[in-house]
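Biologist: Could you put the model up and walk me through it? I've got a handful of questions.

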Amino acid sequence: MEVFSLDTEELSVQRDVLINILTSELPVLRAKMGISQEDISKRVGISRQTYSLIESKKQKMTWVTFMALLAFFENNEGTKQLLTAIGFFKNSAFSECLKYK
């Protein structure tokens, strides 16, 4: 696998694209699992208040929170299928961030 080096600014832009996509899908993903904000926030290691602010788009999530949420949703078949259906894993920003070294 060829490794590309994105400059810091370009990587930041690619990460923002992914964060924005996931943020917009959070209510649907959470509903698909039938889980409360409190439960999901505990599982990914953030406060319920922080999760609520992120889900309502009043606060941008950090890359670490993004990765935690992504890992959480990838480990649930229903939400993984939903992310696949919206093209999340085929998004060019997703593949670019995976190539970053």
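This is a predicted model: local features need pLDDT of at least 70, side-chain atom pairs count only at pLDDT 80 or more; totals for chains, interfaces and linings use all residues.

Biologist: How far apart are N and O where the side chains of Glu38 and Lys42 meet?

Modeller: A salt bridge needs the nitrogen within 4 Å of a carboxyl oxygen. Glu38 and Lys42 do form one, with N to O at 3.8 Å.

Biologist: Is Lys42 buried or exposed?

Modeller: The cut-off for exposed is over 50% relative accessible area. Lys42 has a relative accessible area of 60%, so Lys42 is exposed.

Biologist: Stepping back, what pattern does the protein chain follow along the sequence?

Modeller: There are six helices and zero strands in the protein chain. Reading along the sequence, that gives α-α-α-α-α-α.

Biologist: Why call it as compact as a globular protein of that length?

Modeller: For 101 residues the globule rule gives 13 Å, and the protein chain comes close to that, so it is as compact as a globular protein of that length; its radius of gyration is 14 Å. The C-alpha atoms fill a box of roughly 40 × 25 × 20 Å along the principal axes. As for burial, the share of the 101 residues that counts as buried is 35%.

Biologist: Are Arg30 and Glu55 buried or exposed?

Modeller: They form a salt bridge, with the closest N and O atoms 2.8 Å apart. To count as buried, a residue has to be under 20% relative accessible area. Arg30 and Glu55 are both buried.

Biologist: And how does Asp16 count, at 25% relative accessibility?

Modeller: Asp16 meets Lys60 at 2.3 Å, N to O. Buried would need under 20% and exposed over 50%. At 25%, Asp16 therefore counts as partly exposed.

Biologist: Last one: how many salt bridges does the count come to?

Modeller: The protein chain carries 13 positive and 12 negative side chains, with the centres of the two sets 7 Å apart. The salt bridges come to three.

Note on methods
Residues are numbered from 1 along each chain as its sequence is written. Side-chain values use heavy atoms; hydrogens and water are left out. Helices (H or I, at least four residues) and strands (E, at least two) are DSSP runs, numbered from the N terminus. The radius of gyration is taken over C-alpha atoms; the globule rule is 2.2 Å times the number of residues to the power 0.38. Buried means under 20% relative accessible area, exposed over 50%, partly exposed in between (1.4 Å probe, protein chains only). Lys and Arg count as positive and Asp and Glu as negative; His and the chain ends are not counted. The place of a charge is taken as NZ of Lys, CZ of Arg, CG of Asp or CD of Glu.
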